[in-house]
Amino acid sequence: NNLIKHYGGPDFVDIEIVAYGPGISLLYLENPNRERISSLLTNAVRFVSCLNTLDTIERTTGERPEVIPQAIPVQTGIARMVERAQDGFVVVRP
């Protein structure tokens, strides 16, 4: 939200959050940050889920976590980040 405010609104910055590895829990349906995620979705932030991560979790635990329906599924989250960087996006990691 701070980045959106800094640039003057969602029309002036394009944000995509790619969730993979342990970060995939951000997109779980039963996430304690659901309200924050909803707020970002209303501000045109896109969320991407890594199917490799979800496949690994399912293989390890026997259950596939449910993610928010707005998540854009990609097979490889890291590849998505590389592609976005090639498209001119800036990759920011916590």
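Strand β1 contributes four residues to the lining of the largest pocket, the largest share of that lining, where strands (E, at least two residues) and helices (H or I, at least four) are DSSP runs numbered from the N terminus. The structure is a predicted model, in which local features need pLDDT of at least 70, side-chain atom pairs count only at pLDDT 80 or more, and totals for chains, interfaces and linings use all residues. Residues are numbered from 1 along each chain as its sequence is written, and side-chain values use heavy atoms, with hydrogens and water left out.

A pocket is here an open set of points on a 1 Å grid over the protein atoms alone, where a 1.4 Å probe fits, with protein on both sides within 12 Å along at least five of seven lines, and its lining residues have an atom within 4 Å of a point. The lining of the largest pocket comprises 32 residues, and I15, E16, I17, V18 and V92 lie nearest the pocket centre. At least two lining residues come from each of α1 (2-6), β1 (16-19), α2 (34-42) and α4 (77-86).

Along the sequence, the chain follows the pattern α-β-α-β-α-β-α, with four helices and three strands. Of its 94 residues, 27% count as buried, that is, under 20% relative accessible area with a 1.4 Å probe and protein chains only. When residues up to four places away in sequence are not counted, L40 touches N1, I4, V45 and F47, a contact meaning heavy atoms within 4.5 Å. Among contacts between residues at least 6 apart in sequence, 66% join residues at least 24 apart.

Note on methods
Buried means under 20% relative accessible area, exposed over 50%, partly exposed in between (1.4 Å probe, protein chains only).
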